[in-house]
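Have the viewer open as you read.

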Amino acid sequence: MIEYAHVIVDLQAGDTGKGKIAHSLIKKPNEYTHVIRYNGGGNAGHTIYHEGQKIVTHFIPCGVLYGIKSIIGPGCVVNPFKLIEEWNHLESLGFNIKDNLFVDKRVHMIQSNHIEEDNGDTKIGTTKTGNGPAYRDKYSRKGKRAENFLQTNLIDIYEELHGEENVRILFEGAQGFELDIDWGDYPYVTSSHCTVGGAILNGVPPQKIQKVFGIAKAYSTYVGNKNFESKSEIFDKIREIGNEYGSTTGRPRQINWFNISNVIRAININGVTDLYINKLDILRELNVFKLIIENDVMSFQTSYQFETYINDVIKHNCSSVININFETSPY
Ligand code: IMP
Ligand code: MG
């Protein structure tokens, strides 16, 4: 029986530090029995600093780092060759993947023709990992599921979550609200459900979701073909100091100011209870504090004024929010 589920959602366009927050949450002893990835595929890149070591994962939930049962849920798509590569890499670092990682039998497979097709994309600026074509084949009912491909560590997530006692789940989302297939800036989006709705699709009833951790960054980034950044030296500096380069593709991320109007919308749609705003130290280092509200740019003299303003506006507009945490970089 499920005791509770918590969900991590990204409130911007990915790369907000979900991996860091997930890692800090699962450290708490007995907080979670399961960590579940609920959307996306090899397009995701989660950067985690584990006991001084930088680890980048694409498919495997971070629960494996602490020996917590980790599941790739039915909302995901997987490239089996890349998954095995990542599995071997983590095993070589000393983590036990064999006993901790499970794949739901309904997960769809990214196949070589999906990657070939995605490599031809010039419009969206995808990660070229075959993500979009794999989901298209899933929805047009032509896809291949894990049960046709993988032999080991396959499970039925229903039996796992509803058949065991005292199940406590952390759902780890990939990508972010601005890339969500329904709520993002279509067509410059990914092909999966990045909201809390996407987590529920993986077999957990809505009443069990007790907390929603919404993750944002103190400025915005985006990778892809739409024009997101206006030319300015300050954005170049943020990119360098914040190391804003894609962890999957190495592409420079476009930078802009924190868009509070968009973040409010994302909070309200996801029912965020605990808000984390990461990487405030990057703005502090540059001593520049700006945000976008309804298409206007507002400037602040100090970090304190910036934080207070964000705190007040969010508390005023988002009744679900209980805690707001301003965080710095993980290193
Ligand atoms: P796709 O998911 O590879 O189809 O790419 C669609 C859009 O989402 C592109 O703009 C990608 O750069 C972006 N994207 C996909 N996954 C991520 C991610 O994990 N972080 C940031 N951007 C992503
Ligand atoms: Mg990432």
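A crossing of two helices is called left-handed if the near helix is turned anticlockwise from the far one by less than a right angle, and right-handed if clockwise. Helices (H or I, at least four residues) and strands (E, at least two) are DSSP runs, numbered from the N terminus. The model is a predicted one, in which local features need pLDDT of at least 70 and side-chain atom pairs count only at pLDDT 80 or more, while totals for chains, interfaces and linings use all residues. Residues are numbered from 1 along each chain as its sequence is written, chains are lettered from A and ligands numbered from 1 in the order in which they are written, and side-chain values use heavy atoms, with hydrogens and water left out.

- Helix α3 (residues 112-119) passes helix α4 (residues 131-139) in a right-handed crossing.
- The axes of α3 and α4 come within 7 Å and cross at roughly 125°; axes here are lines fitted to C-alpha atoms, for helices over the stretch in contact, and angles run from 0 to 180 degrees between N-to-C directions.
- That angle makes α3 oblique to α4 (under 35 degrees counts as roughly parallel, over 145 as roughly antiparallel, 65 to 115 as roughly perpendicular and the rest as oblique).
- On the α3 side, His114, Glu117 and Asp118 are in contact (heavy atoms within 4.5 Å) with Asn131, Pro133, Ala134, Arg136 and Asp137 of α4.
- By class, the α3 and α4 contact has 2 nonpolar, 2 polar and 4 charged residues; Ala, Val, Leu, Ile, Met, Phe, Trp, Tyr, Cys and Pro count as nonpolar, Asp, Glu, Lys and Arg as charged, and the others, Gly among them, as polar.
- Helix α9 (residues 260-270) and helix α11 (residues 303-317) have axes that come within 10 Å and cross at roughly 40°, and are therefore oblique to each other.
- The crossing of α9 and α11 is right-handed.
- Ile260, Ile264, Ile267 and Asn268 of α9 make this contact with Ile310, Val313, Ile314 and Asn317 of α11, a set with 6 nonpolar, 2 polar and no charged residues.

**Magnesium site**

- Which residues coordinate the magnesium ion (ligand 2)? They are Asp15 (OD) and Gly45 (O), at 2.3 to 2.4 Å; donors are N, O and S atoms within 2.8 Å of the metal (3.2 Å for Na, K and Ca), and sites may look incomplete because water is not among the atoms.
- Asp15 sits in the loop between β1 (2-10) and α1 (18-26), and Gly45, 30 residues apart from it, in the loop between β2 (34-37) and β3 (46-50).
- Asp15 is partly exposed, with a relative accessible area of 24%, whereas Gly45 is buried at 16% (buried means under 20%, exposed over 50%, partly exposed in between, with a 1.4 Å probe and protein chains only).

**A buried cysteine**

- Cys76, in the loop between β5 (69-72) and β6 (77-78), is buried at 1% relative accessibility.
- Beyond its neighbours within four places in sequence, Cys76 is in contact with Arg37, Tyr38, Asn39, Gly40, Val107, His108 and Tyr135.
- Cys76 and Arg37 are 39 residues apart in sequence and 7.3 Å apart in space, C-alpha to C-alpha.

**Backbone details**

- The peptide bond from Tyr186 to Pro187 is cis, with omega near 5°, and Pro187 lies in the loop between β10 (167-172) and α7 (196-200).
- Asn30, in the loop between α1 and β2, is not a glycine, yet has a positive phi of about 65°; Asn30 is exposed at 62%.
- Asn295, in the loop between β15 (289-293) and β16 (296-300), has a positive phi of about 75° and is exposed at 73%.
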